[in-house]
Amino acid sequence: MASPVRPFASFKGQKNFTGEYWAATSRTHVGYESWVERDAAMALDFDPAVVALASQPFRLAWSDGEREHRHTPDYFARLLDGTGVVVDVRPENLVDEATAKVFAFTARICEAVGWQFRHVGDLHQLYRANLRWLGRYRHRRCHRSPVAPRLREIFADPLPLLVGAERAGDRLAVLPVLYHLLWRHELTADLTLSPLGTGTLVHLTSRDRP
C-alpha cells in the first residue's frame with residue numbers, strides 16, 4: 001500500500017490526538033488524526049473483507065469555477081475481491097454543507113474509477129468498546145497450538161465465553177487465544193449487544209463449521 005501523501009502533525013497544545021495504528025491486515029502502521037479515525041482504522045482492520053489498508057492515500061484537487069479545492073481522504077482499503085474503498089472519517093454532527101459537498105465530489109471520483117466511497121462516523125459505543133478490547137489480541141503471536149484447535153472444537157455449539165475457555169485449559173493461557181480467534185472471525189459473538197464478558201455466547205463461525 002502507498003505511503004501517506006502528507007505527514008501527521010503533532011505539536012504542543014494540539015486538541016486532536018494523532019498517532020499510528022498497527023494494522024494486522026497489512027502488517028503496517030497507518031496514521032490517524034483523532035480517536036474517531038483510529039477507531040475507524042481498527043474497524044477496517046477487523047473487517048474480514050479487507051486485505052490491505054493505508055492512510056492519507058492521495059490528494060484530490062479541483063475547481064468549482066469560483067475557488068480551488070483540495071481534499072485528502074483518510075483511508076484506502078483493498079478488499080478480497082480486489083475492490084478499492086476510499087474512506088472519509090467524520091462524526092455526523094461535524095458534517096456541514098461544505099464537507100458534504102466534498103464527500104459527494106469524492107464519491108463521484110471514486111465511482112468514475114471503479115472504487116467504493118464510505119463516510120464513517122462514530123462507531124456504536126458497545127461495538128467500539130468490544131473492538132478496542134479484541135484489538136489488543138490482533139497480533140499473530142496470540143495464536144497458539146494446540147489451544148486454538150481445541151477452542152474451535154469446544155465452541156462448535158454456542159457456549160458462554162468463560163465456560164468454553166475453562167474447558168480448554170488454564171484461562172490465563174486460553175483467553176488471549178480465544179480473543180484472537182474472535183478478532184480473526186474464526187469464533188464469533190455479538191459485539192453490539194453487551195460488553196464482552198464471562199457470559200457472552202461464543203460459537204464457531206459458520207464458514208469454519210465441518
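Visitor: Is Gln56 buried or exposed, and at what relative accessibility?

Guide: Keep in mind that this is a predicted model. Gln56 has 1% relative accessibility, so it counts as buried. You'll find Gln56 in the loop between β3 (50-55) and β4 (60-63).

Visitor: What is the phi of Gln56?

Guide: Here's the general idea: most residues other than glycine have a negative phi, and most peptide bonds are trans. Gln56 isn't a glycine, yet its phi is positive, about 45 degrees. His185 also has a positive phi, near 65 degrees, and sits in the loop between α6 (171-183) and β10 (187-188).

Visitor: Which residues does a cis peptide bond join?

Guide: Ser145 and Pro146, with omega about 10 degrees. Look for Pro146 in the loop between α3 (125-135) and α4 (147-154).

Visitor: On to strands. Which residues of β7 point one way, and which the other?

Guide: In a regular strand the side chains alternate between the two faces of the sheet. In β7, Gly84, Val86 and Asp88 point one way, while Val85, Val87 and Val89 point the other, and all are buried. With 6 of its 6 residues buried, β7 (residues 84-89) is largely enclosed by the rest of the structure.

Visitor: In what sense does β7 pair with β6, and in what sense with β8?

Guide: With β6 (residues 75-79) the pairing is antiparallel, over 4 bridges, and Arg78 has Gly84 as its bridge partner in β7. With β8 (residues 116-120) the pairing is parallel, over 5 bridges. To get from β7 to β8, the chain passes through helix α2 (residues 97-113), a right-handed β-α-β crossover.

Terms used. Residues numbered from 1 in each chain as written. Predicted model: local features only at pLDDT ≥ 70, side-chain atom pairs only at ≥ 80, totals over all residues. Heavy atoms only, no water. Buried < 20%, exposed > 50% of the residue type's maximum accessible area, 1.4 Å probe, protein only. Helix = DSSP H or I, 4+ residues; strand = E, 2+ residues; numbered from the N terminus. Pairing = 2+ DSSP bridges. Right-handed = clockwise from strand over helix to strand, strands pointing away.
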